[in-house]
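Subject: Structure handover

Hi,

Here is the structure for you to open. Please keep it on screen while you read the notes below.

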Amino acid sequence: MKNYITTPIYYVNGEAHIGHAYTTFIADALARHSRLIGNETYFLTGTDEHGQKIEESAKKQNKPTQQFADEISATFRNLWDEFDVSYDQFIRTTDESHKKGVQAAFEKMVANGDVYKDFYEGNYCVSCETFFPESQLMDGGCCPDCGRPTTIVKEESYFFRLSKYEKPLMEYYEAHPDFILPKSRRNEVMSFVRGGLNDLSVTRTSFSWGVHLPASLNEPKHVMYVWLDALMNYVTALGYGGNEEKMGFWPANVQLVGKDILRFHAIYWPAFLMSLGLPLPKHIGAHGWWTRDGEKMSKSKGNVVDPREVAKHYGVENFRYFMMREVPFGQDGDFSQRALIDRLNSDLSNDLGNLLNRIIGMSEKYSDFAINSADVEKYHSRELNDAHTLLDSLPPYLEELQLHRYLEELWKVFTIGNKAIEEHAPWTKIKEGRTDEALATVALVANLLAKASVMLHGIMPHTTATIADALGFAINTQSYNDLIVDKKLLAPFTIKKIPPLFPRVEEPLMAEAPKAMIEEAPKAVEPKKEDKKESTVPAEGLITIDQFFQTSLKIGTVVEAEEVPKSSKLLKLQVDLGEESPRQIIAGIREYYSAESLVGTQVCVVANLKPAKLMGMLSEGMLLAAKDSEGLCLVRPEKPRLSGSSIG
């Protein structure tokens, strides 16, 4: 089976950050696992290097545009090489083969009648390289995506007949409910298309840094719209428009993107493919954004997470594990050193590393490091069956990109191993002369470690290779088939004594990011009198900014609401927070709101509150509301916002 996996191509207006690393780690994990189970796999990443924004950035640095693009592109490639990312190809949109492929695609769209010439006038965001209709603009004519001011642009342009594909797109979404992952994002895309699609301007004449139109059109002043150029990379990398020997990998199985570019990949890209007569990818997976210690990352705040810095202090594979385990795919994630340390100490050091250390120590004492699986099924068939059931349940989580659930379920195998040691107490059985039983328990745990390491290999390839080497085997397709598919046990081996894989970390190893950017007056300037005023706020009960950022506040949309029987105060709500499925929240607001009046409205939710039970029903959050002598009023956003948007 052929399996094609792509990251977005990263825009070269800045160096790689934690969001880029997250996408790339996921793609690498999927590609490694795909190869492990025997698929013919092709993994693509690269950089997007055209457009007005790149041209302007190069001018600001007084560099030729190509040199500027070369330098930034190299920082991405070098970082992925340092992190041992197993990409098969690193594409650049400045590659000549890519340009030729894009030009071939444009010619075909023209021949199909899907491209025509006209004039365009509208609000253009240079940062997002996108035109927006006036109805979508924020206050003051600002971009709805990045918030920056837009400019009115009028120029001759070629247009792609996007409106022609409105109905085919909707039909495709309906027929392929798992095309967009997580599925909660599907409704967002369908709602956008349902609102009507305007034809898309696909060339520019106001700048020159881009792919020029085919010579056959004799339009030297036109360059292609950066999104048409960029999206085509997924097929030009396989030879589209040139040597097409790798086109057998198309359609892609998984195309990973950030949620901010989902519209381009789930609407424009499928429409372009339909125009070219190419099949659509099987899945478009959109992940969330990352904050740091509860704050949005920005250069001005000085709190951008440098992936290289995290890897230097905590290890690349520990970093990979944390990012894929910590956050459900599709949701926003928060990076904090404390959370990383907790994962490292709890999951990796206590559960996995300690389990390996224990069987190395016991085998050294009881059998001179020799481990034999001969009696495992005799004494531990229950534990083996439970472990195999868990391992068999894992593939769907990968297919749905729910890597956090994949790892959560996989970790239960280590729990079985730790419980087996406590329950069967090999040290006691050795004292009682029941050596066969004691050694069978050690061998059980060795087999559980081996099987789980095979399934962890995509996420932590070097760590699991070290574990496998200690256990006398190598992780490859053969061992996957033996240990996972055929459920075999390890042949007799001598375990290697190795140093602990995950030393505990007690204190943060990196410098902490600033929590609040408070601008102070220069010391040479005498403060104004009002600046000297003592605070009259009572000190009792005050919290720090750190404590405030421990609370996750999000915008939610009420999708269902009903009264709770036998209660005059409670309503049971299903609230969409941009997650895989709505959350159930039990709210004491029935005296002030009817269930019917809330459906479709937006609310503010405390999203990281510990779940509680009210009248026997699980409540997974709390609504924000204000109450005075006139009654209770829900706190709501001034304007509609995407479900799951952070407040703060």
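**Cysteines**

There are zero disulfides by the rule used here, which asks for a pair of cysteine sulfur atoms within 2.5 Å. A disulfide is a covalent bond between the sulfur atoms of two cysteines. This is a predicted model, where local features need pLDDT of at least 70, side-chain atom pairs count only at pLDDT 80 or more, and totals for chains, interfaces and linings use all residues. Residues are numbered from 1 along each chain as its sequence is written, and side-chain values use heavy atoms, with hydrogens and water left out.

Take Cys 125. The closest cysteine sulfur belongs to Cys 146, 3.6 Å away, which is too far for a bond. Cys 125 has 1% relative accessibility, so it counts as buried (under 20% relative accessible area; exposed is over 50%, partly exposed in between; 1.4 Å probe, protein chains only). Cys 604 is in no disulfide either: its nearest cysteine sulfur, in Cys 633, is 11 Å away. Cys 604 is also buried, at 6% relative accessibility.

**The sheet**

Four strands make an open sheet, ordered S6-S5-S7-S9, with antiparallel pairing. Strands (E, at least two residues) and helices (H or I, at least four) are DSSP runs, numbered from the N terminus. Two strands pair if DSSP finds at least two bridges between them. S5 (residues 115–125) and S7 (residues 151–160) are joined by 10 bridges. Tyr 120, for one, has Glu 155 in S7 as its bridge partner. S6 (130–132) and S9 (200–201) each have a single partner strand, so one side of each lacks a neighbour in the sheet.

**Two helix pairs**

Helix H15 (residues 403–424) packs on helix H17 (residues 435–456) at about 170°, with axes 10 Å apart. Axes are lines fitted to C-alpha atoms, for helices over the stretch in contact, and angles run from 0 to 180 degrees between N-to-C directions. H15 and H17 are therefore roughly antiparallel (over 145 degrees; under 35 is roughly parallel, 65 to 115 roughly perpendicular, the rest oblique). Their contact (heavy atoms within 4.5 Å) includes Trp 411 and Phe 414 of H15 and Leu 448 and Met 455 of H17. It divides into 16 nonpolar, three polar and no charged residues. Nonpolar means Ala, Val, Leu, Ile, Met, Phe, Trp, Tyr, Cys and Pro; charged means Asp, Glu, Lys and Arg; the others, Gly among them, are polar.

How do H11 and H12 lie to each other? They are roughly perpendicular, crossing at roughly 100°.

Best wishes
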